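We will go from the overall picture to single residues, one selection at a time.

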Amino acid sequence: MTTLLLVFIFAFVATAAYLVLAPSTQSVLVKQRALAIRRQGGFIVQDDGTLMDEEMALPFVQRVLGPVLEMLSGLLLKNAPHKVQAGIQQKLVQAGNPLTPSRFLLVQVMAAAGMGLAGLAMATKSMAHNPLMGVVLLFVPLLLGWRGPEFWLSKQIAHRRRLIDKALPDVLDLLSVSVEAGLGLDGAIQKVGEKFPEPTAGEFRELLKAVRLGTPRVDALRALADRSGLPDMRTFTAAVIQADQLGVAISRVLRAQSEALRIKRKQKAEEKAMALPIKMLFPMIIFIFPTIFIIVLGPVLLTLMGGLGL
């Protein structure tokens with residue numbers, strides 16, 4: 001039982017490391033295009049001019065482990081309920097697609113299985129002495145293994161939202177200035193994709209790409225709001241959609257949105273500053289006040305103890 005558990009834990013760690021550290025979709029596409037350029041009749045032209053079989057040119061992990069994992073993850077995703085698939089897809093999109101839905105589901109299942117086996121090994125030993133503790137040791141690791149990848153994904157979503165939310169006022173300023181300077185909305189969005197770092201630039205490039213491929217601007221803006229999941233982004237996209245439908249000058253709408261967003265940001269900062277003294281009170285009571293009392297009252301107590309002969 002112990003040997004089987006160790007083997008499964010090793011396989012789980014190796015699989016999770018491969019899935020998490022796997023190259024991004026863009027990197028894979030770049031490598032595939034480079035291979036397509038160097039491909040000649042099923043062979044790859046190497047740097048020295050010699051030919052190598054295309055399959056043998058791939059790394060060992062991609063040739064052996066990759067297809068097996070893709071098959072398992074595809075089966076899991078295919079048999080999962082539609083609601084589960086939609087939820088995983090939405091969360092991964094909001095996190096910037098760090099993994100494919102099938103890979104994430106495979107990591108989640110293997111994490112739950114690995115933690116479940118570890119809990120089973122611990123529960124078997126304690127079941128005879130304390131059945132309740134045995135049940136707890138069996139189900140708690142299983143729950144932690146299932147929820148662990150979801151917790152990691154929620155952290156990725158929160159980090160990405162913070163970055164986009166922090167850059168959004170500057171984005172609206174650039175859009176407003178660009179439109180007032182004579183650019184169209186698409187040109188202003190392209191400027192945002194060029195001037196800002198990821199993930200903000202990537203979201204607006206995706207918006208511009210969808211519009212250029214024929215997606216209606218209204219649907220593309222709503223998809224942008226859904227991907228970010230930010231209330232301020234939803235307000236911005238709703239204002240742009242309304243201005244586009246009513247024929248209002250887009251520069252005026254962008255300027256108003258930028259000013260409103262900066263006022264809201266200032267109010268949030270003031271709110272946090274007002275709550276700061278209350279938050280500082282408890283660390284002061286626990287760590288600072290006892291030290292002050294020792295420094296101030298310590299010599300007095302020592303003098304009294306010496307006078308009383310204690």
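Start with a surface on everything: the accessible surface of the chain comes to about 20100 Å², and 68% of that belongs to carbon and sulfur atoms. Areas here come from the Shrake-Rupley method with a 1.4 Å probe. What you are looking at is a predicted model, in which local features need pLDDT of at least 70 and side-chain atom pairs count only at pLDDT 80 or more, while totals for chains, interfaces and linings use all residues. Residues are numbered from 1 along each chain as its sequence is written, and side-chain values use heavy atoms, with hydrogens and water left out.

Now switch to cartoon. The chain has 11 helices and three strands, in the order α-α-β-β-β-α-α-α-α-α-α-α-α-α from the N terminus. These elements are DSSP runs, numbered from the N terminus: H or I of at least four residues for helices, E of at least two for strands. Of the 310 residues, 28% count as buried, meaning under 20% relative accessible area with a 1.4 Å probe, protein chains only.

Next, select 217-228 and 231-246, helices α9 and α10. Their axes come within 9 Å and cross at roughly 170°; the axes are lines fitted to C-alpha atoms over the stretch in contact, and angles run from 0 to 180 degrees between N-to-C directions. The two helices are therefore roughly antiparallel, the label for angles over 145 degrees. Show side chains: Leu221, Leu224 and Ala225 of α9 are among the residues in the contact, as are Met233, Thr237 and Val240 of α10. Contact means heavy atoms within 4.5 Å.

Which residues touch the most other members of the largest nonpolar core? Select Leu175, Ile189, Phe204, Leu207, Met233 and Phe236, out of 27 in that core. A nonpolar core is a set of buried Ala, Val, Leu, Ile, Met, Phe, Trp, Tyr and Cys residues joined through side-chain atoms within 4.5 Å. Its largest share, seven residues, comes from α6.

Zoom in on Phe204. Beyond four places in sequence, Phe204 touches Val171, Leu175, Ile189, Val192, Leu224, Met233 and Phe236. A second, separate core of nine residues includes Ile88, Leu99, Phe104 and Leu105.

Last stop: Ser258, in helix α11. Is Ser258 buried or exposed? Ser258 is buried, with a relative accessible area of 3%. Leaving aside neighbours within four places in sequence, Ser258 is in contact with Pro169, Leu172 and Asp173.

Methods. Parallel < 35°, antiparallel > 145°, perpendicular 65-115°, else oblique. Buried < 20%, exposed > 50% of the residue type's maximum accessible area, 1.4 Å probe, protein only.
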